[in-house]
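The sequence and the structure come first, and the description follows.

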Amino acid sequence: MKSSGLALVAIGLGGTPKFLKRALGATVPHQRKILVTIFQRGGMDGMMAVAPYTDKHLQAWRPCLALPAPNTSAEALLELDGYFGLHPAFQPLLPLFEQKCLAIVHGVGSPEPTRSHFDQQDYMETGTPGKKGTPDGWLNRLSKKLGKEASPFRAVAMTSVLPRSLYGEAPALAIPNLADFGLKAPGTMPIAIAAGQGFEALYEQTSQQMLREVGQESFEAIKLLQKLDVRNYRPQQGAEYPRSPLGNSLKQIAQLIKADVGVEIAFAESNGWDTHVQQGTTRGLFAQRARDLALAIAAFWKDVEPYQDRIVLMTMTEFGRTLAENGSGGTDHGRASCLFVLGTAVDGGKVHGKVPPLAVENLEDGRDLPVTTDFRAVFAEVAGKHFGIEDDGALFPGWAGKRFPLLKSK
Amino acid sequence: MRKTLYFRLTAVLLLMLTLTSFKSKPNQTDERQPTLKLPYREAGLSEREAAAHLLDRFAFGARPGEVERVVKMGLERWIEMQLHASLPSPKLTEKLAPLKTLTMSSAEMLATYPNPGVLLAQAYRDGIISQSDTAKENRAELRRKIMDYYQKEGVRPQRELISELRAQKILRAVYSENQLEEVLTDFWFNHFNVSITNNKAKGYVLLYERDAIRPNALGKFRDLLGATAKHPAMLLYLDNAQSSAPEGAPTTLTQSLQRYQRNPLIAQRLEAAIAAQKMEIQALQNELPDIIKQLRPKRGINENYARELMELHTLGVDGGYTQKDVVEVARALTGWSVYPRGRRAEKLRERLERGKLLGVIQEGDFLFRPDAHDAGEKHILGTVFPAGGGKEEGERVLDMLAAHPATAKFIATKLARRFVCDTPPPSLIERLATTFLQTGGDIKAMMRVMVQSPEFWSKEARRAKIKSPFELVVSALRALDADVTNTRELLRWIEKQGQPLYACQAPTGYADRAEFWVNTGALIARMNFGLHLALGHIKGVKFDLLALNQYHEPESIEEALKTYAALLMPERDLSETLRLLTPLVQNPNFVEKISTSLPAASAKPADMPERVEGLPFESDFIREFLHEEPVAGQETAPILTSKEITLASVVGIILGSPEFQRK
């Protein structure tokens with residue numbers, strides 16, 4: 001059995017869809033900015049990802065987990081700046097760091113001290129730490145700030161359920177798999193075509209305005225995707241995505257970007273960072289997750305090369321992990337972690353942020369890397385500068401902090 | 001000595017009990033209600049049209065022939081019966097019988113379906129599994145060990161519980177004769193939302209709907225509020241269970257101890273008893289795995305519940321409270337916590353039993369902890385709550401919030417939005433709010449006012465609401481008179497349209513507005529659902545299209561369209577739908593002879609975000625144990641004749657049409 005359903009609308013596409021014309025308006029399509037976000041669920045161990053190897057305390061906290069300093073062994077960290085070293089599984093990202101388009105911000109986290117995944121993910125996604133009742137996510141509020149006229153693909157999550165970040169009034173799509181997007185009839189072809197035409201006629205002319213407008217857009221979107229031939233997509237520039245959920249998500253985001261369907265905000269997930277047990281060093285859970293993330297990001301960046309000037313990619317994770325390793329070869333829920341920001345306008349090739357000497361008195365509650373940068377300061381900088389939005393309060397209600405300088409001003 | 005103290009405490013407790021029983025109003029017995037006056041004729045509706053409208057709003061859509069039945073019975077009588085909610089539902093009873101969790105006591109449920117993280121931690125502590133088991137190559141072995149452990153401990157995976165929770169929601173909505181009760185259960189659950197995405201609350205969600213929401217859905221608002229406020233699902237979901245007086249602040253416990261300070265002997269004994277208890281609790285806590293201990297929150301208030309209590313449950317965001325009020329309400333509710341269930345908490349329960357002498361209060365799964373309750377004075381919305389209020393103080397806060405005019409307006413608005421239209425007329429809101437205040441938040445009384453309001457029947461209100469994904473799926477099943485034997489795939493379809501059941505992560509619940517449901521992805525999923533359902537490609541659902549039309553086969557495809565559109569959407573103006581679809585079905589392609597259809601599309605298990613806290617295993621690994629098994633008894637899609645395919649396609653288009661999305 002090949003495909004279980006048949007795409008319905010077999011009619012050719014005449015010109016640019018209305019929603020795109022509207023969305024683009026006077027602006028040239030090639031100037032629309034795109035923000036790609038990757039949520040690393042589970043809490044990435046920032047101290048393992050980007051380790052301050054010159055800090056004399058690190059080895060004591062982590063007798064088994066600390067990696068050797070750069071150039072000292074085959075399993076050593078990769079040199080970043082003489083103070084921090086990158087976990088070797090992130091190697092595919094190193095060239096981007098050296099080309100100065102990849103920046104790392106360390107010591108990032110939430111001002112709320114909870115170490116619960118649920119609460120901290122919730123706070124990061126709503127952008128309102130400490131306030132659970134916020135109805136919308138920060139990416140949805142960002143979408144609203146990008147103007148009224150939008151493509152249905154403006155905000156896309158490559159997930160089966162809409163993430164909290166995209167909850168809200170602005171339309172957002174959750175598509176786990178582009179190939180499944182479209183009208184599917186389980187029946188046979190002629191019936192399928194007929195049904196598709198039926199729906200199109202119905203939704204185009206229904207007197208209910210919202211159903212009519214969204215219906216029209218839906219059919220236009222389906223046709224657009226059909227033209228893309230998503231099943232036979234070939235990444236450009238020899239980019240090779242890892243065969244993983246994240247690799248697949250980023251590949252499809254690249255596809256949408258290159259198809260110019262109006263993507264402005266994309267969301268992907270990378271799972272499995274909750275490394276309580278057998279975190280490993282150069283092999284093991286962490287290394288495996290890190291390699292997947294690095295390979296996927298590197299492939300994506302290669303694949304979208306002609307579009308790089310329009311794109312910023314940012315990773316995020318709900319918290320970092322305990323500085324001390326635990327009794328089962330892992331680390332437990334902690335506070336600050338680090339994140340990656342990739343883009344041609346990024347002040348790259350640097351490890352930004354503040355990581356104090358890892359003496360116990362410098363740690364939060366005597367155990368965790370302290371949060372020295374509010375995640376909102378980074379998110380507001382990245383989203384705000386990239387899209388030219390001044391009003392941080394609209395993205396992060398109730399936040400009066402300063403942006404963390406990270407993108408070059410235009 | 002001991003005896004005297006005992007008597008004094010018992011006397012106080014008895015007095016308190018008497019007081020509370022006076023305060024809680026007896027259930028309103030059925031007073032004779034004046035006959036309802038339903039102003040639908042004034043709005044230009046025939047009796048049949050009014051019945052259809054009523055079935056769209058007070059029920060999950062009409063079943064075949066139901067409009068006739070309601071008309072025959074009389075709309076007024078039908079409404080009263082719905083308000084009374086005591087009709088027998090034999091079909092539902094039969095459908096729910098296999099779902100064993102629905103009737104479990106909370107003790108039994110929590111013992112049978114413990115949090116998987118806690119259970120794994122326990123297995124780890126018991127030495128059943130070790131860290132070397134988690135290596136990739138040992139996964140199969142580990143799985144076996146854990147399954148054995150599950151069996152030995154007599155526990156079952158939580159997904160079973162969630163699967164039954166979700167199944168019963170669909171089955172009740174489809175089959176219950178007491179439709180309004182189900183509509184309002186859906187409404188109030190969403191209003192007082194909790195979510196299975198929160199791992200701590202997950203195991204309590206079924207109990208929450210069953211014990212806190214449904215019994216009060218047609219009762220008094222204050223009872224609903226109290227039931228949700230004290231339920232572990234809410235206490236855990238919004239963190240009140242861990243909210244306590246800050247370190248060093250006077251608590252109910254320290255206060256009651258002080259009272260006995262005058263008698264040194266009693267004081268001494270009490271102190272010794274408390275010290276012993278503390279040590280034992282400490283010893284119990286020491287048994288917990290390190291990870292859980294580290295995550296143990298510090299003492300101090302947690303404002304989450306207090307804030308949502310005012311913003312989302314009662315006053316509304318513009319209800320005139322301040323951040324100061326939030327803090328003060330949170331203080332008043334410190335010590336409102338969860339009674340420990342589960343097999344290993346026996347010792348703890350014994351201690352609590354003895355602690356009742358010192359002010360520990362247990363009501364079902366609710367636990368009032370005198371050691372955590374902030375005993376100081378509070379100022380809330382201009383009212384002073386004197387020091388030493390104890391548990392009753394929280395009750396008075398709930399009384400105050402439930403009787404507040406802002407709450408009346410907020411609840412009136414939400415009910416009107418649900419039952420009338422997305423932006424309900426102020427006149428109706430006003431009338432409902434007044435009723436709320438006059439009747440002490442009597443939901444039945446508000447519903448009576450609703451149906452006697454011209455706004456409910458107005459032209460603007462008819463077909464004005466877009467069905468939620470859940471409503472769409474249920475109304476389609478009802479319209480087709482479908483036999484639902486398995487809900488697994490139906491759940492996937494509801495999820496694809498944007499409403500994973502019981503999994504709305506935000507405490508706001510799902511927005512009850514069309515723009516929340518109508519977007520490109522969801523709309524396409526709705527059309528696909530219509531086609532898949534009609535063509536028999538949703539496993540666990542069976543129906544007979546010809547039976548709907550008393551086995552009269554439509555003579556032509558145009559006839560089929562006309563007949564089935566009217567059957568599935570009774571008493572609607574279908575001229576637009578028919579005008580648009582008729583030329584289409586007349587197209588010769590549409591009746592092309594095809595004798596077979598492709599096999600069913602199997603809905604893939606969705607990647608539900610599982611968040612597992614406080615356990616020594618990575619969450620991906622846990623997820624393996626939470627994955628649902630495929631639908632048992634692989635039924636293949638029916639092989640239809642070309643005639644049947646044609647009819648089914650027509651029905652599929654009707655179900656996916658804009659008109660069917662409206663109610």
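Two strands are said to pair if DSSP finds at least two bridges between them. Helices (H or I, at least four residues) and strands (E, at least two) are themselves DSSP runs, numbered from the N terminus. This is a predicted model, in which local features need pLDDT of at least 70 and side-chain atom pairs count only at pLDDT 80 or more, while totals for chains, interfaces and linings use all residues. Residues are numbered from 1 along each chain as its sequence is written, chains are lettered from A and ligands numbered from 1 in the order in which they are written, and side-chain values use heavy atoms, with hydrogens and water left out.

**Strands of chain B**

In chain B, 3 strands form an open sheet in the order β1-β3-β2, with antiparallel pairing. Its edge strands, each pairing on one side only, are β1 (336–338) and β2 (361–363). Neighbouring strands of the sheet are turned against each other by 30 degrees on average, direction ignored; the axes behind this angle are lines fitted to C-alpha atoms. Between β2(B) and strand β3 (residues 366–368) of chain B there are 3 bridges, and the two run antiparallel. Opposite Glu363(B) stands Phe366(B) in β3(B).

**Strand β12 of chain A**

Strand β12 (residues 337–342) of chain A is mostly covered, with 6 of its 6 residues buried. Buried means under 20% relative accessible area, exposed over 50%, and partly exposed in between (1.4 Å probe, protein chains only). Ser337(A), Leu339(A) and Val341(A) point one way from β12(A), whereas Cys338(A), Phe340(A) and Leu342(A) point the other way.

| Strand of chain A | Sense of pairing with β12(A) | Bridges |
|---|---|---|
| β6 (residues 102–109) | antiparallel | 6 bridges |
| β11 (residues 311–317) | antiparallel | 2 bridges |

Phe340(A) in β12(A) is the bridge partner of Ile104(A), and Val341(A) in β12(A) has Met314(A) opposite.

A nonpolar core is a set of buried Ala, Val, Leu, Ile, Met, Phe, Trp, Tyr and Cys residues joined through side-chain atoms within 4.5 Å. The largest one has 259 residues, of which Phe90(A), Phe153(A), Leu250(A), Phe300(A), Leu184(B) and Trp188(B) touch the most other members. Helix α10 (residues 285–303) of chain A gives the most to this core, namely 10 residues. Another core, of 37 residues, lies apart from it and includes Met124(A), Leu139(A), Ile389(A) and Trp399(A).

Met124(A) belongs to helix α5 (residues 117–126) of chain A. Why does Met124(A) count as buried? Met124(A) does so because its relative accessibility is 3%. Leaving aside neighbours within four places in sequence, its contacts (heavy atoms within 4.5 Å) include Phe39(A), Trp138(A), Met316(A) and Phe375(A). Arg376(A) is 252 residues away from Met124(A) in sequence, yet their C-alpha atoms are 8.3 Å apart.

**Helices of chain B**

In helix α3 (residues 66–73) of chain B, the buried residues are Glu66(B), Val67(B) and Val70(B). Seen down the axis of α3(B), these residues fall within an arc of 105 degrees, so they line one face of the helix; the arc is that of the directions from the helix axis to the C-beta atoms. Their cover includes α2 (47–57), α4 (75–84) and α26 (469–479) of chain B. Just after α3(B), Gly74(B) takes a positive phi of about 100 degrees.

Helix α20 (residues 346–355) of chain B holds Arg351(B), which counts as buried at 9% relative accessibility. The C-alpha atoms of Arg351(B) and Lys278(B) are separated by 9.8 Å, and the two residues lie 73 residues apart along the chain.

Note on methods. Axes fitted to C-alpha atoms, helices over the stretch in contact; angles between N-to-C directions.
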